[in-house]
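Please read it beside the model.

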Amino acid sequence: NFFPTVGDMVIDTNDTFFNDTSNDSLKFRNVVSHEHGHGLGLSHVCPINQSKLMEPFVSTAFDGPQHDDILGGQRQHGDVLEPNDTTATASPLGTLSTTATTVNLVSLDGTSDVDLFQFNTAGANTQVSVTVTPIGETYLEGPQNAGGSCSAGSNFNSLIIRDLSVELLDVNGATLASVNAQGAGGAETLIHTTGTSTGPYSVRVVGDATDSIQLYDLA
């Protein structure tokens with residue numbers, strides 16, 4: 001599969017590798033997913049330790065994109081909820097109840113990216129608790145060498161790429177409360193009691209000035 005300037009994928013149907021249909025044709029699906037990664041603009045990543053979809057050789061040790069692949073894809077194109085950078089384009093969460101509302105595996109993909117989520121409350125003077133939890137892990141990661149061999153990679157900690165903070169905005173977009181009590185990698189929790197209005201209120205997730213990506217969950 002070619003990079004986005006071309007973007008076309010060619011599948012060799014004479015290749016008997018794809019005749020293995022075990023695990024719902026996992027070999028075929030991981031190859032197609034890997035090649036689609038190139039179509040999204042992702043290069044090969046090393047070392048070859050069967051932990052990343054974009055390694056130079058196919059693996060059946062997992063199914064589909066893994067953590068590093070998701071980082072790369074969202075860094076290039078944003079998460080599934082983009083664009084939600086303003087109150088006008090905020091992701092709707094509906095009317096909150098006493099059970100948790102969660103948004104999983106989203107990200108701030110660069111210095112210009114902020115994420116907004118909008119909600120209403122069921123009544124006035126409602127206590128709202130908002131928690132933003134960074135997602136990440138430490139693993140070996142590096143480029144493929146020019147000759148096609150794989151580098152050993154170096155330790156990369158995707159949990160602490162960016163320091164996140166969270167804000168609660170009123171119906172006019174003014175800040176009611178904000179928190180940035182933890183450093184990079186730490187979860188931030190904001191607890192605030194709303195006023196007489198039932199909304200809509202907005203949660204805004206902001207990152208530091210590091211031009212990179214941070215995955216997170218919101219509750």
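1. Helices (H or I, at least four residues) and strands (E, at least two) are DSSP runs, numbered from the N terminus. Phe2 lies in the segment before helix H1 (22-39). The model is predicted, so local features need pLDDT of at least 70 and side-chain atom pairs pLDDT 80 or more, while totals for chains, interfaces and linings use all residues. Residues are numbered from 1 along each chain as its sequence is written, and side-chain values use heavy atoms, without hydrogens and water.

2. Phe2 counts as partly exposed because its relative accessibility is 47%, the class between buried (under 20%) and exposed (over 50%), with a 1.4 Å probe and protein chains only.

3. The largest pocket has a volume of about 360 Å³. A pocket is an open set of points on a 1 Å grid over the protein atoms alone, where a 1.4 Å probe fits, with protein on both sides within 12 Å along at least five of seven lines; lining residues have an atom within 4 Å of a point. The volume is the space filled by probe spheres set on the points, which are joined across faces, edges and corners. Of its 18 lining residues, Leu96, Ser97, Thr99, Val128 and Ser129 are closest to the centre.

4. Strand E5 (residues 127-135) contributes the most to the lining of the largest pocket, 4 residues.

5. The second largest pocket holds about 300 Å³ of space. Leu42, Asp68, Leu71, Gly72 and Glu141 are the closest to its centre among 17 lining residues. Helix H2 (67-77) and strand E6 (138-143) each give two or more residues to this lining, and H2 has the largest share, 5 residues.
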